[in-house]
2 protein chains.
Amino acid sequence: MSAEPAETEGAFAHRAEVVARLRALLPPDQVLTDAPTLAEYAHDDAEWAPFETPIAVVLAEHERDVVAVVRLAAASGVHVVPRGAGTGLSGGANAVANSIVLSLERMTRIVEIDAAERYAVAEAGVINDTLRAAVAEHGLWYPPDPASYRISTIGGNAATNAGGICCVKYGVTRDYVLGLRVVLADGEIVDLGRRTAKGVTGYDLTGLMVGSEGTLGVITRVTVKLLPLAGREERAIVGAFGSLRAAGDAVAAIGASGIVPAALEILDRTCIEAVDAWQALGLPHGVDTLLLAKVDEVGALGERHAASVASLMSAAGALGVEQAFEADEVDRLFLARRLAYPALERLGPVLTEDICVPRGAVPEMLTRIQAAAAEHDVVIANIAHAGDGNLHPLIIAPEGDEAAKGRAKLAFDRIVDECRELGGTVTGEHGVGLLKIPGAELELGPRVIAMHAAVKQALDPHGTLNPGKAFPG
Amino acid sequence: MSAEPAETEGAFAHRAEVVARLRALLPPDQVLTDAPTLAEYAHDDAEWAPFETPIAVVLAEHERDVVAVVRLAAASGVHVVPRGAGTGLSGGANAVANSIVLSLERMTRIVEIDAAERYAVAEAGVINDTLRAAVAEHGLWYPPDPASYRISTIGGNAATNAGGICCVKYGVTRDYVLGLRVVLADGEIVDLGRRTAKGVTGYDLTGLMVGSEGTLGVITRVTVKLLPLAGREERAIVGAFGSLRAAGDAVAAIGASGIVPAALEILDRTCIEAVDAWQALGLPHGVDTLLLAKVDEVGALGERHAASVASLMSAAGALGVEQAFEADEVDRLFLARRLAYPALERLGPVLTEDICVPRGAVPEMLTRIQAAAAEHDVVIANIAHAGDGNLHPLIIAPEGDEAAKGRAKLAFDRIVDECRELGGTVTGEHGVGLLKIPGAELELGPRVIAMHAAVKQALDPHGTLNPGKAFPG
């Protein structure tokens with residue numbers, strides 16, 4: 001545990017000492033302590049979760065910078081909060097007391113792309129979309145596509161085991177991470193995992209690091225498996241529904257049909273209206289819910305699957321179904337999905353839920369979310385990776401309305417309870433961070449939490465790295 | 001660490017005491033101590049690895065039996081060596097000194113198959129093929145197919161992260177394990193993981209348990225993800241080659257083509273002759289190497305891929321290429337692959353290698369294996385999951401020829417060294433067990449080994465579970 005300074009003068013001296021040591025190690029433009037920067041880096045996109053002002057923000061440019069900061073922190077009894085682009089939605093990168101925020105955003109080198117072996121090695125700060133574009137030039141595809149893929153980093157994606165839209169068919173970040181370079185809690189560097197297609201030498205410490213939210217090590221380099229870019233033909237099928245429940249029924253029917261769509265997303269009326277008010281996309285008026293599907297099988301099979309999805313939507317009561325086969329038309333139909341989150345953020349601070357229920361429970365869960373919204377008198381918009389059962393009810397409170405914020409928090413907890421009652425998990429893809437600590441406590445139970453604590457103690461005995469995150473302490 | 005009895009009389013009394021306690025806990029037919037049973041359960045299929053005679057063999061029938069044995073062992077300073085069907089090839093289930101072998105083979109209940117959510121829950125002793133058949137009745141598919149799938153258990157598959165033939169396209173056991181029930185080192189039961197499609201609550205302890213060879217807990221129940229059975233059309237393409245190297249060239253060319261085959265296996269001349277001598281399958285005479293491929297895309301795309309694979313084989317110098325589209329013809333072409341290992345075991349004790357190199361290094365590695373065979377004057381047959389770069393050179397020593405056994409061991413070590421030189425890993429799918437401890441020591445390095453030891457210490461502080469396996473101590 002850290003040597004927490006007891007009183008203000010001591011705390012001030014401690015902070016000044018830590019900053020002085022950082023400045024002795026790193027160039028001035030990599031150690032930032034001005035108030036706006038500290039405020040900007042004090043939290044990720046989960047402003048509802050608690051955060052503290054960090055002692056300093058360090059912008060690492062090399063692995064040796066990461067090593068230097070972790071060593072200094074370990075020696076000074078200071079915590080390190082690693083951070084990619086800060087797009088997290090659970091507070092995993094929120095600064096804790098007595099901490100240095102260590103940003104990897106400047107470590108942006110793509111180290112290697114091996115087209116024949118189908119892997120790439122990238123530094124932690126490489127943007128997901130940059131990596132995607134770089135490997136595409138070699139005819140390869142990096143599937144994981146969190147909604148933040150244009151701005152989030154591969155290191156942050158790995159640290160949170162990020163999901164995305166295509167994971168209903170192609171899996172999540174962990175499924176693509178072959179190996180990691182990690183700076184451990186004492187500043188030592190290890191290479192975990194492999195580059196070969198298979199390998200079972202020892203425990204899966206790579207998989208353990210993925211999703212551990214910087215609590216077991218700082219990821220500086222990621223080796224990802226790639227798929228061939230060819231061999232897919234995207235077809236979009238979009239259904240307009242009169243109710244969230246009807247769209248949910250279509251999701252359950254598609255899930256039970258044996259077709260595995262490459263995307264299956266729900267946008268509800270609040271989302272549709274927010275996007276249309278912002279960008280005037282000409283989305284259908286009077287529609288309550290859009291269900292956006294993609295299939296990507298090639299040729300006649302893809303045509304059959306698209307037709308089946310369309311008729312399953314109709315059978316579930318779609319008011320209209322649109323299909324698109326041209327790339328730009330497919331993108332146009334999915335644009336509303338991409339714009340939904342920023343469009344909603346314009347309406348006020350968004351408290352993002354991230355529950356995952358069995359696919360068949362999607363209609364029931366959507367109904368219960370609506371009930372929670374009514375009961376607690378809050379606006380809840382729904383974006384959902386519905387094909388996975390991964391729902392993102394977005395609870396919106398008007399800026400500055402503290403009463404609404406309180407009600408939003410109640411609705412948030414109620415939704416978590418309902419999700420667990422339906423056999424779900426409290427976080428599908430955003431991670432525990434700080435926001436889901438109470439839910440994780442219920443879900444994991446005391447003994448599994450003790451296993452987490454034992455693993456944390458084994459790999460970070462002094463609690464240097466991002467304490468209080470990822471599992472209930 | 002265990003209280004190892006110092007001398008014979010004490011050891012005898014200790015064993016008798018442990019057996020008496022076991023008999024007090026369990027019915028007579030579940031606690032076996034007769035010499036033939038102890039001999040049979042003293043090791044898995046890796047007879048070359050060291051093993052001891054266990055104190056007793058316990059055949060658990062219920063989770064409570066597993067709990068009782070682990071508690072008794074922990075209290076008595078005895079080790080527990082968990083075991084499925086004993087088909088392992090690295091000695092992971094070999095009995096250690098002062099141990100009880102705890103077999104899960106009688107825990108054969110399929111607890112649940114949820115067709116809509118596409119998962120199944122099975123007790124550890126369910127045979128892979130039994131689970132496969134059971135889920136197929138629901139239109140579902142459990143892909144992982146180790147060569148032992150007709151006799152190995154799902155619990156053993158999970159404990160070793162078993163691979164197989166289709167993993168070149170569909171991944172290994174870990175990719176399908178959603179959750180586990182595990183008896184921990186103190187006898188407490190935990191449920192890890194989830195049943196939902198996605199979930200990131202806490203560390204991936206499920207993935208950590210998978211492949212940990214019973215050193216962190218005893219897996220009693222496995223929840224696996226399933227795929228739809230429909231949507232695949234298998235086409236087999238088999239090329240006959242004049243040399244191992246030419247077949248390796250075809251593997252590298254197929255790998256670089258962007259086609260992901262559903263199987264890509266090599267059988268060399270020694271295998272072909274052994275199978276033909278045993279079963280007279282009418283395999284092509286005078287052929288040095290067979291390359292067996294499957295593609296499973298539907299319709300025209302599948303036809304195109306099959307044609308491409310065939311012409312890549314021809315371009316690499318295949319003497320002949322045969323294709324099959326009917327299920328029984330496909331099975332016939334692959335039958336030689338299924339029979340190869342048992343056919344070779346008829347020639348003498350087999351020391352099974354399990355290296356994995358980059359796909360592009362397959363031709364070079366095959367050449368180096370032949371050189372190692374020549375240098376150490378041993379017979380080496382080659383079976384290879386070539387599409388993954390996962391090679392199984394099988395080193396055969398005539399029964400009772402100790403000199404040949406010694407030379408085989410030298411060739412084994414030489415092959416491991418060559419594999420590492422080519423950027424490979426010392427075990428692709430069989431696990432470290434005991435046989436790959438020296439190779440793992442080189443591959444992992446001291447600090448990553450220390451991480452393993454710390455995790456082991458965290459979850460099994462008294463070293464009760466399968467000590468000395470999975471990583472270098």
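**View 1. Where chain B meets chain A.** In this predicted model, 72 residues of chain B touch 72 residues of chain A, with contact meaning heavy atoms within 4.5 Å. About 5700 Å² gets buried between the two chains, and carbon and sulfur atoms supply 63% of that; buried area is the accessible area (1.4 Å probe) that two parts lose on being put together, summed over both. On the chain B side, Lys198(B), Thr201(B) and Tyr203(B) give up the most area to chain A, together 16% of what that side buries.

**View 2. Helices α8 and α12 of chain A.** Here α8(A) (residues 244-256) packs on α12(A) (residues 362-376) at about 160°, axes 8 Å apart. Helices are DSSP runs (H or I, at least four residues), numbered from the N terminus. Axes are lines fitted to C-alpha atoms over the stretch in contact, with angles from 0 to 180 degrees between N-to-C directions. The pair is therefore roughly antiparallel (over 145 degrees). From α8(A), the contact takes in Leu244(A), Arg245(A), Gly248(A), Asp249(A) and Val251(A); among its partners on α12(A) are Val362(A), Leu366(A) and Gln370(A).

**View 3. The domains of chain A.** Chain A splits into domain 1 (8-103), domain 2 (110-228) and domain 3 (235-421), with bounds from an automatic or database domain assignment. The centres of domains 1 and 3, taken over C-alpha atoms, sit 37 Å apart.

**Notes for these views.** Residues are numbered from 1 along each chain as its sequence is written, and chains are lettered from A in the order in which they are written. Local features need pLDDT of at least 70, side-chain atom pairs count only at pLDDT 80 or more, totals for chains, interfaces and linings use all residues, and side-chain values use heavy atoms, leaving out hydrogens and water.

Definitions and conventions. Helix = DSSP H or I, 4+ residues; strand = E, 2+ residues; numbered from the N terminus. Parallel < 35°, antiparallel > 145°, perpendicular 65-115°, else oblique.
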